[in-house]
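Try each task before you read its solution.

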Amino acid sequence: MPIPDDVTGEEIDKDVRQELMSLPKGLAEDVSRNLVMVARLIDEDPEGAYAYSRIALRLASRVAAVREAAGFAAYANQKFSEALAEFRAARRMTGSVELWPVMADCERGLGRPEKALEMAGAPEVQKLDKASQVEMRLVAAGARRDMDQLDAAIVTLQSPELASNSVQPWTARLRYAYADALLAAGREGEAREWFAKTVESDKDGSTDASDRLAELDGVEFVDVLVEDDEEAGNGDATGDATGTATELRVEAEAEHQDADDDEGEDDEDEDDEIESVTTDEITDDVDDLDEDEDEDDAPHRPQS
């Protein structure tokens, strides 16, 4: 697959670049450039990212960073079995537990929430950093919801991280999951409160909490751009009708003038001795033509 010229491979993380040093220089460069493309496309074009990950995997399947990238690309395309296999391979190579939460979420994707809950209680969780522990809590709550255990899901999300006023990278997602679980349980008042708290912490708009909050408040958004387009469309139709009527009026007047000229020429042919020829003025009333053209403007995408 083609790779843009501006992609050098130097853009990847230094730890990944260190791993690739075990490869011949030319091969390492090819692999790194494909990994850059995976990172670039995984959010907006998951299928494209997956294609580049397969190339990198074919070139360097014994590099843990490559197996991990291939796992995330498969995960983004909901190829959970394939993703789990790649994550397990990367974990065997590195001995790290940092992929434990996403591996558990793959179990959920495969329809095995009980396995995900088993992993949430495993000793490996205690080795995770704070962000990964919160992620594991989100996965466990999602597994509870998969099993229709809404109350248990709500309790699972209740934690010091949820109660804290400190805003961390995971805060918005944790609050959102809690609000969504409350709403699913019919606790609308509490859900509204936590969607509002999510909005406060969601500085980069990673969730749709503001839309959910507006929906609960009964706020209906009107697309002003659509209305403007419709008004502009009606204006164009009126202009077209006026223009058409004007054109027809001009054509009628031109034909009328031609008729005057032809009649004058015929009278001169009939009597050459008559010094002046008098003709009756021909007057035709041209009705205004109004055409109404109606244009129908058609108005104008796993949360744990």
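## Exercise 1: Charged pairs

Task: Are Arg67 and Glu86 buried or exposed, and which parts does the pair tie together?

Solution. Step 1: Arg67 is buried, and Glu86 is buried too; buried means under 20% relative accessible area, exposed over 50%, and partly exposed in between, with a 1.4 Å probe and protein chains only. A word on the ground rules: this is a predicted model, where local features need pLDDT of at least 70 and side-chain atom pairs count only at pLDDT 80 or more, while totals for chains, interfaces and linings use all residues. Residues are numbered from 1 along each chain as its sequence is written, and side-chain values use heavy atoms, with hydrogens and water left out.

Step 1: Arg67 and Glu86 form a salt bridge, with 2.6 Å between the closest N and O atoms. The term stands for a side-chain nitrogen of Lys or Arg within 4 Å of a carboxyl oxygen of Asp or Glu. Arg67 belongs to helix α4 (residues 64-76) and Glu86 to helix α5 (residues 80-94), so the pair ties together parts that are 19 residues apart in sequence. Helices here are DSSP runs (H or I, at least four residues), as are strands (E, at least two), numbered from the N terminus.

Solution. Step 1: Glu124 and Arg91 meet through their side chains in a salt bridge (3.7 Å, N to O). This pair links distant parts of the chain, 33 residues apart: Glu124 sits in the loop between α7 (113-120) and α8 (130-146), and Arg91 in helix α5. Arg91 counts as partly exposed, at 26% relative accessibility.

Step 1: Glu193 and Lys197 also form a salt bridge (3.4 Å, N to O). Both lie in helix α12 (residues 188-201), 4 residues apart, about one turn of the helix. Glu193 is partly exposed at 41% relative accessibility, and Lys197 is partly exposed at 26%.

## Exercise 2: Nonpolar cores

Task: How many residues does the largest nonpolar core have, and which elements give two or more residues to it?

Solution. Step 1: The largest core has 45 residues, and those with the most contacts inside it are Leu20, Val31, Leu35 and Val66. A nonpolar core is a set of buried Ala, Val, Leu, Ile, Met, Phe, Trp, Tyr and Cys residues joined through side-chain atoms within 4.5 Å.

Step 1: The elements that give two or more residues to this core are α1 (14-20), α2 (25-41), α3 (46-59), α4, α5, α6 (100-109), α7 and α8. A second, separate core of 20 residues includes Ala141, Leu174, Ala177 and Leu182.

Step 2: Now look at Ile12, which lies in the segment before α1 and counts as buried at 12% relative accessibility. Not counting residues up to four places away in sequence, Ile12 touches Arg17, Leu20, Ser32, Leu35 and Val36; contact means heavy atoms within 4.5 Å. The C-alpha atoms of Ile12 and Leu35 are 7.5 Å apart, although 23 residues separate the two along the chain.

## Exercise 3: A check on α11

Task: What span should helix α11 have, and how many of its residues are buried?

Solution. Step 1: The expected span is 1.5 Å times one less than the number of residues. For the 14 residues of α11 (residues 171-184) this should come to 20 Å, and the end C-alpha atoms are 20 Å apart, which agrees.

Step 1: In α11, 11 of the 14 residues are buried, so the helix is largely enclosed by the rest of the structure. Among the buried residues are Leu174, Arg175, Tyr178 and Asp180. Their cover includes α8, α9 (150-157), α10 (160-163), α12 and α13 (209-216).

Step 2: Just after α11, Gly186 takes a positive phi of about 85°.

## Exercise 4: The whole chain

Task: How many helices and strands does the chain have, and what share of its residues counts as buried?

Solution. Step 1: The secondary structure comes to 14 helices and 0 strands.

Step 1: Of the 304 residues, 35% count as buried.
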